[in-house]
Structures are given as C-alpha cells and as structure tokens.
Amino acid sequence: LEMTLDSVGVPTLLAVVAGAPDRGEIPEKPVVLGIHPNPFNPSTTISFGIPESGPVELGVYDLQGRLVASVFSGDLGVGYHEMTWDGRTAGGRPAAAGIYVARLVSGDETVTMKMTLVK
C-alpha cells in the first residue's frame, strides 16, 4: 500500500499491484486490468490491454455462462483500452443486481474478471 494525499490534503491509501504494467508498455498477453467502480450502479468501466491489433470481443456474462450484453465487438489496436458497460442487457433492459463476468477474447486468449451490479 502507498500513502498519498488527495486534492484537499486528506491521506488516501492506494493499493500498488506488484508487476502491474506501465501504460507505456505493450502487454505480453490479453489482460483485464480492472473494473471500476466495482461494485457499481448503474454503469462500470472495464480497463484492458491487448498485445496485438485485431479482432476483440468484450462481453458481459451471467454466472451460468449466458451472454447478457456485448460491450464491444470489432478490431482494436495494440495497447490499453477502456470500455463502459451501461448495466443493460442486449435487449436494452436494466440487468438484475448480481455478480457478472466480463469476458475479453483477443486472438486465441480469453480473460475474465468478476463484477457486481448493485441496486
């Protein structure tokens, strides 16, 4: 943990992840860096990195493995990206409160991270 001061001088603890990539580096493999905020309501941002340009799929799944929403599907360049999920299903309805999985597919690699939607 690292102690810093916020904009009004209040001490804040920051978690420093050992081995976390510098945003100037190219990731060695696809990685979901974080989901913030998490838990969230009504939307959250998914931060991820990909090692090579090409097709990328970023979806939100329920714990039974069913696709809830496609956040992004298309080509992206190498490096780090952020996408926002608005908390809605593919049909446009608000998703139910619960635990979901963000699933990133890039090349032959698949990476997942859990997130919690609260109401």
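Visitor: How much accessible surface does the chain have, and what share of it belongs to carbon and sulfur atoms?
Guide: Please keep in mind throughout that this is a predicted model. The accessible surface of the chain comes to about 7,300 Å². Of that surface, the share that belongs to carbon and sulfur atoms is 53%.

Visitor: Over which residues does pLDDT stay under 50?
Guide: The chain has a mean pLDDT of 85, and 80% of its residues reach 70 or more. Where pLDDT is low, the predicted coordinates should not be read in detail. That caution concerns the stretch where pLDDT stays under 50, for which the model has 17 contacts beyond four places in sequence, namely residues 1–20.

Visitor: How many helices and how many strands does the chain have?
Guide: Reading from the N terminus on, the elements run β-β-β-β-β-β-β-β-β. The count for the chain is therefore, with a strand taken as a DSSP run of at least two residues, zero helices and nine strands.

Visitor: Which element gives the most residues to the largest nonpolar core?
Guide: This core has 23 residues, and those that touch the most other members are Ile 46, Phe 48, Leu 58, Trp 85, Tyr 100 and Met 115. Several elements give two or more residues to the core, among them β4 (44–50), β6 (67–76) and β9 (109–117). The element that gives the most, with five residues, is β6.

Visitor: Which residues is Ile 46 in contact with, leaving aside its neighbours within four places in sequence?
Guide: Ile 46 is among the core residues that touch the most other members. With the neighbours within four places left aside, the contacts of Ile 46 are Val 32, Gly 34, Ile 35, Leu 58, His 81, Glu 82, Met 83, Ala 102 and Met 115.

Visitor: What is the angle between the planes of Phe 40 and Trp 85?
Guide: A pair of aromatic rings is described by the distance of the centres and the angle of the planes. Phe 40 lies in the loop between β3 and β4 and Trp 85 in strand β7, 45 residues apart, and both residues are buried. Their rings are 5.7 Å centre to centre and form an edge-to-face pair, with an angle between the planes of 70°.

Visitor: Which residues do ring pairs link into a cluster?
Guide: The structure holds two aromatic pairs, and one of them joins Phe 40 to Trp 85. The rings of Trp 85 and Tyr 100 have their centres 5.6 Å apart and their planes at 65°, so this pair is edge-to-face as well. Trp 85 has a relative accessibility of 3%, while Tyr 100 is buried with a relative accessible area of 7%. The cluster that the ring pairs link is made of Phe 40, Trp 85 and Tyr 100.

Visitor: Which residue forms a salt bridge with Asp 62?
Guide: Side chains of opposite charge can pair when their charged atoms come close. A search of the whole structure finds one salt bridge. Asp 62 is buried, with a relative accessible area of 13%. The closest N and O atoms are 2.7 Å apart, and the partner of Asp 62 is Arg 66.

Visitor: Is Asn 38 buried or partly exposed?
Guide: Asn 38 has its place in the loop between β3 and β4, and touches Lys 114, Met 115 and Thr 116 when residues up to four places away in sequence are not counted. Buried would require a relative accessible area under 20%. The relative accessible area of Asn 38 is 33%, so Asn 38 is partly exposed.

How values were computed:
Residues numbered from 1 in each chain as written. Heavy atoms only, no water. Core = buried A, V, L, I, M, F, W, Y, C linked by side-chain atoms within 4.5 Å. Buried < 20%, exposed > 50% of the residue type's maximum accessible area, 1.4 Å probe, protein only. Helix = DSSP H or I, 4+ residues; strand = E, 2+ residues; numbered from the N terminus. Contact = heavy atoms within 4.5 Å. Phe/Tyr/Trp six-rings, centres within 6.5 Å; stacked < 30°, edge-to-face > 60°. Salt bridge = Lys/Arg side-chain N within 4 Å of Asp/Glu carboxyl O. Areas by Shrake-Rupley, 256 points an atom, 1.4 Å probe, with all protein chains shown as cover. pLDDT = per-residue confidence, 0-100.
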